[in-house]
Amino acid sequence: MTKLEQRLKQKTATIGIIGLGYVGLPLALAFSKAGFRVLGFDIKQKNVDLVNKGRSYIADVTSESLMAAVASKHLKATTDQSRIREVDAVCICVPTPLTKTKDPDLSYVINESETVSKYLQPGQIVVLESTTYPGTTREVMLPILERSGLKAGRDFYLAFSPERVDPGSKNFNIKNTPKLVGGIDPKSTKLAVLLYSHVADVVVPVTSPEVAEMTKVFENVFRNVNIALVNELTQLCEKIGISVWDVIDAAATKPFGYMPFYPGPGIGGHCIPLDPYYLANKAREYDFHTRFIELAANINEQMPYYVVSRIMDALNARGKSLHGARVLVLGVAYKKDVEDTRESPSLKLIQLLGEKGASVCYNDPYVANIKVSESTMTSVELTDKRLSKVDCVVIATDHTCYDYKDIAEKASFVFDTRGITRKLRNKNIIRL
Ligand SMILES: NC(=O)c1ccc[n+]([C@@H]2O[C@H](COP(=O)([O-])OP(=O)(O)OC[C@H]3O[C@@H](n4cnc5c(N)ncnc54)[C@H](O)[C@@H]3O)[C@@H](O)[C@H]2O)c1
């Protein structure tokens, strides 16, 4: 048995989590709750200070649980990456964004691999959790890590294990979501399985990091493509005069061979809009075009424009023009009950409505400020007076805390992009 195996089994290992964001912070907490000593690393001093004070900045992590982990000395955060030397396992949870031209931006993964390489110790295991294209762990990370003079599979272990977290979900978390693990060799896979079996009920070993990397991207492409399909159907349903929501609800009664996806003003978050481009880009290396991905992106990216045109038509039917209309957008987070606005379609909607001359304000109980076209907007109070004064209320994010019946009664016109009002019969509501 290797020393690492022994330390993981006895929970005497120290776990290093690099990048204390939406993925890294819950993971750090999960390992500390499992009884490990966890050292969290972030380049943002502010995040490190907040963690060490037990103050959470991620909705899925409560300050109480963070405080308990810090107080019991199970969790500590630092910006000092030379302390990577002290840990037994290094889990990398840094961002994988896109460049302006929508190409993969692996700079965070590359920079961090260079840092880890400087401090890498024999016997450590390194696991990449960031979503990326197949080949990143072996083709990009491994050679950088081996610059340390240590050999992967012999002196240290290397694996990919995608994070599948569903932010804001009440039903799924790290513990009850099966965790995929693919090592660069059987020993790396075995050790990574052992590592994650302390925080996940089910750990699924796969045959290689490439399979794990491809699976994660495939899962997100699957969502992206199905959302595009239903977004396209929505546009056809509108032309025919059928409620797409009734169709989806009816289809969802089929107990096999179908799962519901819902239309909306576009897709958001750090995963679904970005990850497919990682695969599309990799595919081009092989003279291969991922047509489904490109078509889905095309349809989904057009949705904010489609919503604006529907709002414009609806106002027109009421004898009003969008130019000069007062529009209140409800919800700017990319999905309900979270505070994350990354890639949120609401931001695009607000921008487009503004460009058409509407006077736009927004309310989001989770998001105090947003930046749209270089200017900062602040969430306005949701008062009866405001609801009755505006020309249009756009439900852009279906936060559970809103009283939609009350909103529909107070507002003169509601445009619902999420179908959250589909049980209401008010005549002043138009749904996607
Ligand atoms: N947010 C999600 O729902 C989700 C779900 C599954 C997978 N992912 C993937 O996980 C990865 C991380 O996403 P996230 O949402 O947690 O991002 P995030 O931006 O919330 O967190 C990343 C953190 O890493 C820090 N960081 C950046 N470079 C660093 C470095 N060199 N050393 C130490 N810290 C560094 C940043 O300061 C930030 O705090 C991405 O690849 C993403 O695609 C995200």
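Predicted model: local features only at pLDDT ≥ 70, side-chain atom pairs only at ≥ 80, totals over all residues.
Which residues in α6 meet which residues in α8?

1. Residues are numbered from 1 along each chain as its sequence is written, and side-chain values use heavy atoms, with hydrogens and water left out.

2. In α6, T136, T137 and R138 meet P209, E210 and E213 in α8, where contact means heavy atoms within 4.5 Å and helices are DSSP runs (H or I, at least four residues) numbered from the N terminus. By class, this contact of α6 with α8 divides into one nonpolar, two polar and three charged residues; Ala, Val, Leu, Ile, Met, Phe, Trp, Tyr, Cys and Pro count as nonpolar, Asp, Glu, Lys and Arg as charged, and the others, Gly among them, as polar.

3. The axes of helix α6 (residues 136-146) and α8 come within 8 Å and cross at roughly 120 degrees, the axes being lines fitted to C-alpha atoms over the stretch in contact, with angles running from 0 to 180 degrees between N-to-C directions.

4. Helix α8 (residues 209-240) also comes within 8 Å of helix α10 (residues 275-284), axis to axis, with a crossing of roughly 115 degrees. Here M214, V217, N220, V221 and N224 in α8 meet D275, P276 and L279 in α10, and the contact has five nonpolar, two polar and one charged residues.

5. Around the ligand there are 27 residues, of which V23, D42, Q81, T96 and E112 come nearest, a residue being near if one of its heavy atoms lies within 4 Å. The shell has 13 nonpolar, eight polar and six charged residues.

6. An N or O atom in the side chain of D42 is 2.6 Å from an oxygen atom of the ligand; for N47, a polar side-chain atom lies 3.1 Å from a ligand oxygen atom, and for R342 the value is 3.0 Å.

Methods. Helix = DSSP H or I, 4+ residues; strand = E, 2+ residues; numbered from the N terminus. Polar contact = N/O pair within 3.5 Å; in protein donor to acceptor, adjacent residues only side chain to side chain.
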